Amino acid sequence: MTDSPMPAQATTAPTPEVQANLFPFVLQLADTSLILAHRLSEWCGHGPILEQDLAMANIALDLLGEARSYYQYAAELEGKGRTEDDLAYLRSAVEYRNPLLVEQPNGDFAGTIVRQFIYDCFHYHLLLQLKSGPDAHLAAIAEKSVKEAAYHIKWSSEWVIRLGDGTEESRRRVEKAINTLWRYAGELTTPSAAEKALQAAGLVPDYAAIQAQVDAHVARVFEEATLPVPQGVFMQKGGKDGRHSEHLGYLLAELQYLQRTYPGLQW
Amino acid sequence: MSQKEWPLWEVFIRSKQGLDHKHVGSLHAADAEMAIQNARDVYTRRLEGVSIWVVESKHVHASNPDDAAAFYEPANDKIYRHPTFYQVPDSIKHM
């Protein structure tokens, strides 16, 4: 073994602007995974069949693990002594940075599938980019999570096909879910102020390129599902800036109840 | 809601150590693709396997327990079918 020094980092030290924007971005990733994990976990014990009950619980656990990694990194970036638990359990709805899509209620099984499909399309393609991005910490989290996301997108895509090209009732339900949820798809690839700054610095991928990959996947799946791809939908946004739908408050009330009522409780 | 049940599938998993697929249980699924995904979710949560086989249960044909005497007992007194029946000469090594 030679004692040659570590190769010099290709990237220079982060500018103050990058540092200021990385925390809200990582927090946004964390909140998004946590809220969607919580929504999926609401199905636990209520799935249409045992096998899908477990599938949703598995995906929820994948997302929860990913959320923890982001929260730990966010806590480190902030450097104010807050822990992952403080970030998850002790922030109010206006401080949450998740896009509106993931806080939408489960609805019926088709609703959950469509919400998951819209998110998986973005999530999977985002992780593919972050995996080879310049931030080593994010790249490591993405490297691990992209394998899970590859399964998620396979699972939700196949269900969209099954429901769309299934029975009259399954098609009616999946179409209704698309009509209700598609308006939340656009926010995923609409960069927040923090994302714009990080895109300029090359830390966050170009969302137009991701949108193109998402569109290609959606077109392929919807064609097989015999579903029309929604056109000209007015896109809602605000979640990434803390302007949420009324649903998030109720979700957080349940998610945070224990730590709010018994601060610091462990078991 | 249709009350029709999805067909039953038998699941076989090959573990990291094993060469053979072992029967681990059964599940319901609409088709083979879904059966494999369901098997992944139900039976490989704890790193049990590296390969999955599924077969629709209706395609498994089983022997009849009533035939047990006719099927298996005749082998009882044919101990010469086991390698242990034969003496290995001392001159043969590495057996």
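Ala177(A) touches Ala110(A), Gly111(A) and Val114(A), leaving aside residues up to four places away in sequence; contact here means heavy atoms within 4.5 Å. The model is a predicted one, so local features need pLDDT of at least 70 and side-chain atom pairs count only at pLDDT 80 or more, while totals for chains, interfaces and linings use all residues. Residues are numbered from 1 along each chain as its sequence is written, chains are lettered from A and ligands numbered from 1 in the order in which they are written, and side-chain values use heavy atoms, with hydrogens and water left out.

Back to Ala177(A), which is found in helix α7 of chain A. Helices (H or I, at least four residues) and strands (E, at least two) are DSSP runs, numbered from the N terminus. Ala177(A) counts as buried at 6% relative accessibility, where buried means under 20% relative accessible area, exposed over 50%, and partly exposed in between (1.4 Å probe, protein chains only). Ala177(A) and Gln28(A) sit 149 residues apart in sequence and 25 Å apart in space, C-alpha to C-alpha.

Another buried spot is Ser33(A), with a relative accessible area of 0%. Ser33(A) lies in helix α1 (residues 16–41) of chain A. Once residues up to four places away in sequence are set aside, Ser33(A) touches Leu63(A), Glu66(A), Ala67(A) and Tyr70(A).

Next comes helix α2(A). This helix has 29 residues and reaches 41 Å from its first C-alpha to its last, close to the 42 Å expected at 1.5 Å a residue; the expected span is 1.5 Å times one less than the number of residues. Just after α2(A), Gly79(A) takes a positive phi of about 65 degrees.

Thr226(A), at about 55 degrees, lies in the loop between α9 and α10 of chain A and is partly exposed at 40% relative accessibility. Leu47(B), at about 60 degrees, belongs to the loop between α1 and β3 (51–56) of chain B and is exposed, with a relative accessible area of 73%.

How do the two chains meet? On the chain A side, 14 residues are in contact with 14 residues of chain B. The area buried between chain A and chain B is about 1,300 Å², with carbon and sulfur atoms giving 47% of it; buried area is the accessible area (1.4 Å probe) that two parts lose on being put together, summed over both. In chain A, Glu51(A), Tyr151(A) and Arg162(A) lose the most area to chain B, together 41% of what that side buries. Nine residue pairs are in polar contact across this interface, both residues being at pLDDT 80 or more. A polar contact is a pair of N or O atoms within 3.5 Å; within protein, one must be able to donate a hydrogen and the other to accept it, and residues adjacent in sequence count only if both atoms are side-chain atoms. The elements giving two or more residues to the side of chain A that touches chain B are α2 (50–78) and α6 (136–164) of chain A. By class, that side has seven nonpolar, two polar and five charged residues. Here Ala, Val, Leu, Ile, Met, Phe, Trp, Tyr, Cys and Pro count as nonpolar, Asp, Glu, Lys and Arg as charged, and the others, Gly among them, as polar.

Two salt bridges are found across the interface of chain A and chain B. One salt bridge joins the side chains of Lys154(A) and Glu33(B) (3.1 Å, N to O). This pair crosses between chains, from helix α6 of chain A to helix α1 (residues 32–43) of chain B. Lys154(A) is partly exposed at 35%, and Glu33(B) is partly exposed at 38%.

Within chain A, the side chains of Arg172(A) and Glu169(A) meet in a salt bridge (4.0 Å, N to O). These two residues are separated by about one helical turn because they are three residues apart in helix α7 (residues 168–181) of chain A. Asp108(A), Glu169(A), Arg172(A) and Arg173(A) are linked in a network of salt bridges. Glu195(A) and Lys240(A) also pair through their side chains in a salt bridge (3.0 Å, N to O). That pair links distant parts of the chain, 45 residues apart: Glu195(A) is in helix α8 (residues 193–200), and Lys240(A) is in the loop between α9 (207–224) and α10 (247–261) of chain A. Glu195(A) and Lys240(A) are both buried.
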